[in-house]
Amino acid sequence: MKTIGVLGAMSKASTLQYYDLLCDLVAARPDSPDAPRMLVRSVDYARAMLLQNDDDWLAIGAMLAEQAEALEAAGADMIVLASTMMHKAVPRAMRDVSVPLVHTADAAAQRILDAGFSHPGLMGTQLTMEDRFYLDRLRGLGLQPVVPEAACRERIHEVIYEELVRNMVDAQSRTDFEAIAARLKRMGADCLILGCQEAGLLLDADNSPLPVFDTVRIHCEATLAEAFDMA
């Protein structure tokens, strides 16, 4: 097994999800190590938020690049970025890194296509739902994503930043997420991408009206497939 470099970004909750799930998935494999070979580096959340508010993605990319380069120097054979939204800065972050990045959108798109779906509803931060960095990547791989209306996008974003990144789970927010997922189904979505690492705290296969594609699990599974394939 090769060494995975986890680039933690934007919230403690998402980084913990990646660490825990990678450990659990490796432990479940027959004849595998007890734990993955893994390195973790994180960016300064408060500074990243300020830069995001200023729309300074070059500076965010430089922050990520510093940590990605440190992971490579420490022996990481690949990088996994524990934030969908931060993938917007991937071109700058990975510019001087020679090891591959396992891209969350690529992993999700392949899983959705393999399952026979084509019109995924997308729930994530406003940037993820509105910017081209994620939507165009999905479209380029053959999908036709369905995005909630503006008011729903605002509500999803509010819940993510005010609650989920702090690992808070609110019953009303769960109800709101369920209602938005149902609305996406009426808009023509045939499945649902949880396009924010924390969204799985509120929606899963048990309470979603659409088949759920949890990007954290899919991303981790794709990362381990790469790690064991490279071994």
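Which residue forms a salt bridge with D106, and how far apart are the closest N and O atoms? The residue is R137, and the closest N and O atoms of the pair are 2.7 Å apart. This is a predicted model, in which local features need pLDDT of at least 70 and side-chain atom pairs count only at pLDDT 80 or more, while totals for chains, interfaces and linings use all residues. Residues are numbered from 1 along each chain as its sequence is written, and side-chain values use heavy atoms, with hydrogens and water left out.

**Salt bridges**

- A salt bridge is a side-chain nitrogen of Lys or Arg within 4 Å of a carboxyl oxygen of Asp or Glu; by this rule the count comes to 11 salt bridges.
- In the pair R137 and D106, R137 belongs to helix α7 (residues 132–140) and D106 to helix α5 (residues 104–114), so that distant parts of the chain, 31 residues apart, are linked.
- Helices here are DSSP runs of H or I with at least four residues, strands are runs of E with at least two, and both are numbered from the N terminus.
- R137 is partly exposed at a relative accessible area of 35%, and D106 is partly exposed at 29%.
- For these classes, buried means under 20% relative accessible area, exposed means over 50%, and partly exposed lies in between (1.4 Å probe, protein chains only).
- R111 forms a salt bridge with E221, with 2.8 Å between the closest N and O atoms.
- This pair also joins distant parts of the chain: R111 is in helix α5 and E221 in helix α10 (residues 215–229), 110 residues apart.
- R111 has 32% relative accessibility and counts as partly exposed, as does E221 with 26%.
- R111 and E221 are linked with R217 in a network of salt bridges.
- D136 forms a salt bridge with R132, the closest N and O atoms being 2.6 Å apart.
- Both D136 and R132 lie in helix α7, 4 residues apart, which is about one turn of the helix.
- D136 is partly exposed at 29%, whereas R132 is exposed at 62%.

**Helices α2 and α3**

- The axes of helix α2 (residues 45–53) and helix α3 (residues 57–74) come within 8 Å and cross at roughly 155 degrees.
- Axes are lines fitted to C-alpha atoms, for helices over the stretch in contact, and angles run from 0 to 180 degrees between N-to-C directions.
- The two helices, α2 and α3, are therefore roughly antiparallel to each other, a class for angles over 145 degrees.
- R47, A48, L51 and Q52 in α2 meet W57, A59, I60 and M63 in α3, where contact means heavy atoms within 4.5 Å.

- T84 is found in the loop between β3 (78–81) and α4 (90–93).
- At 1% relative accessibility, T84 is buried.
- Neighbours within four places in sequence aside, T84 is in contact with T104, T128, F133, Y134, G195, C196, Q197 and T215.

**Cysteines**

- The structure holds 0 disulfides, a disulfide being a pair of cysteine sulfur atoms within 2.5 Å.
- C23 is in no disulfide, and the nearest cysteine sulfur, that of C220, is 9.7 Å away.
- C23 counts as buried at 17% relative accessibility.
- The sulfur of C191 is 17 Å from the closest cysteine sulfur, in C196, which is too far for a bond.
- C191 is buried at 0% relative accessibility.

Notes: Angles under 35 degrees count as roughly parallel, over 145 as roughly antiparallel, 65 to 115 as roughly perpendicular and the rest as oblique.
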